[in-house]
Amino acid sequence: MSAVRPFEVHVPDEVIDDLRARLARSRLLDDSPRRPPSGMTAAYLRELVNAWIEFDWRAREAWLNAHPQFIAEIGDAAVHFVHLRSERADAPALLVMHGWPHTFALQLDFADRLPDFHVVVASLPGFAFSSPYATGEMSEKRLAATMLALMTEVLGYERYVTYGEDVTANVSDLMAARYPEHVAGIVATHAHFPTMQEREALTDPAERAFFDGIAAKHETDGAYGHIQATRPDTLAVALNDSPAGLLAWLAEKLVEWSDTPPGDPRAVERRISRDRILTEAMIYWVTQTIGSSFRPYYEGADQPDPIPPTTVPAAVFIQRHEAMNPESIARRHYLDLRIFDRLEEGGHFTVAEVPDEMAARVREFVASLG
């Protein structure tokens, strides 16, 4: 474990000039005839590409750097994180973790709304400014151990609350189950999912219907995951070389997985602004981490081993992307479930989409822990 070193984002001028030149030479296609449903259209992609050419990155870079950032060597990974300290020394600590395809940056608006917390927003190894693990696989167990080390050994927080989205929902669940002496509470908007084997054993009609629906949707909308799990390097070559392709790949998921009505992908900007979308694309582009961001898919972190139930106090807020997730599943996993509620707004990227509401809900839950 190394000492923590400060970090600031600074993209060289030549990288920005090269990006703009590539974007200006983009060979964009029209929509296919009778195109299948998708979260991206040719017209909206053209808008985003043109906006990226004109994007004031230096202003956005200054905004990112207004958030104190650091890097710590943990095992064989250099882990990047934002650390927002409260003025109150005894304030509760909160670990915030992202998933795919978003980065730490998409969660900063939420973190900014919690000045009464010590907030740590971590970049997973291989995402943004964190290096990949140099050796070995990227499993949810390894990610949980890395995040534990960051919070306890690097930052000295013996007790903290965890929050994860997408892949790190499993990591958050696992941390609560394996390290209850450190996890004071868990907040979940992606409530616990049983393994595939556990789902096959379900008998409750509502539970089976929910997971059957998830499986059916995966058949029609899951091509991204299949290719990232089976041909990650081939896809990464294309996305790492074409900023327009990278932008399309990322923005499609931001549209489809957020609480955005189908039909007009521009509507995503009611939840996630254009500047925020372009910030995500820019971070992937300048760090060249789109390939390493696929590692959870082809190394199994998105197909976790069974996670035992946890006795840690829990608050579950079901987001709109999983609106019918059964309460019975949550109650079997979170044995001390203090709050179960279904959000009226906000999808897969919950704290980015409804940061004010989620900040208020987290604050209320943590205050109840005493």
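This is a predicted model: local features need pLDDT of at least 70, side-chain atom pairs count only at pLDDT 80 or more; totals for chains, interfaces and linings use all residues.

Guide: A residue counts as buried when its relative accessible area is under 20%, and as exposed when that value is over 50%. Leaving aside residues up to four places away in sequence, Val312 touches Ala176, Pro180, Val183, Ala184, Gly185, Ile186 and Asp336. Pro232, 80 residues from Val312 along the chain, has its C-alpha atom 36 Å from that of Val312.

Strand β8 is one of 9 strands in an open sheet with mixed pairing, whose order is β1-β2-β3-β5-β4-β6-β7-β8-β9. At the edges stand β1 (5-7) and β9 (334-342), each of which pairs on one side only, and the twist from one strand to the next averages 25°. In general, the strands of a sheet pair through backbone hydrogen bonds, in either the parallel or the antiparallel sense. Within this sheet, β4 (residues 93-97) and β6 (residues 160-164) pair in the parallel sense over 4 bridges, and Met97 has Gly164 in β6 as its bridge partner.

The loops that follow these two strands deserve a careful reading of their backbone geometry. Most residues other than glycine have a negative phi, and most peptide bonds are trans. In the loop between β4 and α4 (108-112) is Pro101, which is joined to Trp100 by a cis peptide bond with an omega of about 10°. The loop between β6 and α6 (167-178) holds Asp166, a residue that is not a glycine and yet has a positive phi of about 60°. Asp166 has a relative accessible area of 15% and is therefore buried.

A positive phi also occurs in Gln288, where the value is near 50°. Gln288 sits in the loop between α12 and α13 (290-293), and its relative accessibility of 55% makes it exposed.

Helix α12 (residues 274-287) in turn packs against helix α1 (residues 13-24) at an angle of about 115°, with the axes 11 Å apart, so that the two helices are roughly perpendicular. The crossing of α1 and α12 is right-handed. Val15, Ile16, Asp18, Leu19 and Arg22 in α1 meet Met282, Trp285 and Val286 in α12, a contact that comprises 6 nonpolar, no polar and 2 charged residues.

How values were computed. Residues are numbered from 1 along each chain as its sequence is written. Side-chain values use heavy atoms; hydrogens and water are left out. Axes are lines fitted to C-alpha atoms, for helices over the stretch in contact, and angles run from 0 to 180 degrees between N-to-C directions. Angles under 35 degrees count as roughly parallel, over 145 as roughly antiparallel, 65 to 115 as roughly perpendicular and the rest as oblique. A crossing is left-handed if the near helix is turned anticlockwise from the far one by less than a right angle, and right-handed if clockwise. Contact means heavy atoms within 4.5 Å. Ala, Val, Leu, Ile, Met, Phe, Trp, Tyr, Cys and Pro count as nonpolar, Asp, Glu, Lys and Arg as charged, and the others, Gly among them, as polar. Two strands pair if DSSP finds at least two bridges between them. Buried means under 20% relative accessible area, exposed over 50%, partly exposed in between (1.4 Å probe, protein chains only).
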